[in-house]
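Have the model open as you read.

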Amino acid sequence: MSQPEDTAVDHDVSNTGGSAHVASSDPVRTLELVGIGLVGVLAAVMVGFIALDWLRLYPYADSYPFVESLYSATRIDPIIGRLFDQLMIVGMWMDYYLGTNVFKHPFMWRSIATGVLIGVVAPLVGTYLVHRQMALIGETLAHTAFAGVAVGILVTGFTGFGGSLLFVALIVSVIGALAVQWLTEQTSTFGDVPIAIMLSGSFAVGTLLISWARGTVAVTIDIESFLFGTLAVVTPGGARMMAVLSVAVVAIVAFTYKQLLFITFDEQAARVAQLNVRWYNTLLVVMTAVVVVGAMQVLGVILVAGMLVIPVAAASQIARSFRETLYLSILIGQVSVLGGFAFAISQSLPSGGSIIVVAIAIYLLAIALSDRSPALSMH
């Protein structure tokens, strides 16, 4: 490893006491930790809203009598209804002061909640991908998810399947991730060749399937929304899926942080240390597939890879270690999402393009503020 990499890894694997001392003596690090704490609280609130939005419909009450009895015995049903109504009243006041007409609608809060969660998990996974020079895999899995949407349209048309297209896209994207991992291990070409083949091939398959479906089954899905992203495409089921997947991804990364860090900077040493590198590589690409499918709702297939890469690239310009890059990329991702939403709502523009434009603006600002050489910034 190069000297900057040694410094980054040594800083990340230092003991807890040393980290606390650095945080107490460095005001910038303290601000980063406070920011991460606030982002965590915001994400928890958004997960709570998604759960509230789900529970107010009394799920499974009609199918299982004991569930309905539980709702009545705990008196949770009127409490949930009142809480949700209060949130919508807050949205109405926001519309009044901001001069908008969107925050009083539940679908807007679902979109915001989904965007906030994307702003956490996309840079979280993207930090590992960028440092492993695997940024292209996000775009590949997005195109694979697009093929999954096409498969879902055909399944719905021929069988009357009433499930979510995102669920089908998730399955196809995970299969695509495993296929990329298998091709990388089985071929002797450079690592990005199987990724490039899967990228073009999956999008070609998706395009052919959708073109065929238009003349075969009734297609009522707005394909453009999946390509470019829109606030209206986030369904209640899609928001719930994003919440569950986000909690799972954050928990997995927290549990496997050291192992993923090890294989990121020195995969050969990890093999010598008898770490199951193949398993952790597969875990990383599967998590990427999960994040891509969730983010596709807001960002669209074409732009989803931007949230995996751009916040990390911006953070790498000013961060001093891998852990700091991780923290800053999440903060930048959150600012990009919220700023992009604000711009999209005020100008009636697509959310995906707005978020990416804000992220690129932050990246350019980070380059301007960076006081290090390009070689060091890469690390």
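Let's start with Asn 281: leaving aside neighbours within four places in sequence, Asn 281 is in contact (heavy atoms within 4.5 Å) with Arg 132, Gln 181, Ile 263 and Glu 267. This is a predicted model, where local features need pLDDT of at least 70 and side-chain atom pairs count only at pLDDT 80 or more, while totals for chains, interfaces and linings use all residues. Residues are numbered from 1 along each chain as its sequence is written, and side-chain values use heavy atoms, with hydrogens and water left out.

Asn 281 sits in helix α14; helices here are DSSP runs of H or I with at least four residues, numbered from the N terminus. At 10% relative accessibility, Asn 281 counts as buried, a label for anything under 20% relative accessible area, with exposed meaning over 50% and partly exposed in between (1.4 Å probe, protein chains only).

**The core**

Which residues touch the most other members of the largest nonpolar core? They are Ile 137, Val 249, Met 287, Met 296 and Leu 299, out of 99 residues in that core. Helix α14 (residues 277-299) supplies the largest share, 15 residues. A nonpolar core, by the way, is a set of buried Ala, Val, Leu, Ile, Met, Phe, Trp, Tyr and Cys residues joined through side-chain atoms within 4.5 Å. Take Val 249: beyond its neighbours within four places in sequence, Val 249 contacts Val 121, Leu 124, Val 125, Met 287, Val 290 and Val 291.

**The charged pairs**

The count comes to 4 salt bridges, each being a side-chain nitrogen of Lys or Arg within 4 Å of a carboxyl oxygen of Asp or Glu. Among them are these:

| Pair | N to O distance |
|---|---|
| Arg 110 and Asp 53 | 2.6 Å |
| Glu 267 and Arg 271 | 2.9 Å |
| Arg 320 and Glu 324 | 3.1 Å |

Arg 110 is buried at 11% relative accessible area, and Asp 53 is buried at 5%.

Glu 267 and Arg 271 are 4 residues apart in helix α13 (residues 267-272), so about one helical turn separates them. Glu 267 is partly exposed at 23%, and Arg 271 is partly exposed at 43%. Both also belong to a network of salt bridges with Arg 132.

As for the last pair, Arg 320 is partly exposed at 48%, whereas Glu 324 is buried at 7%.

Conventions. Helices (H or I, at least four residues) and strands (E, at least two) are DSSP runs, numbered from the N terminus.
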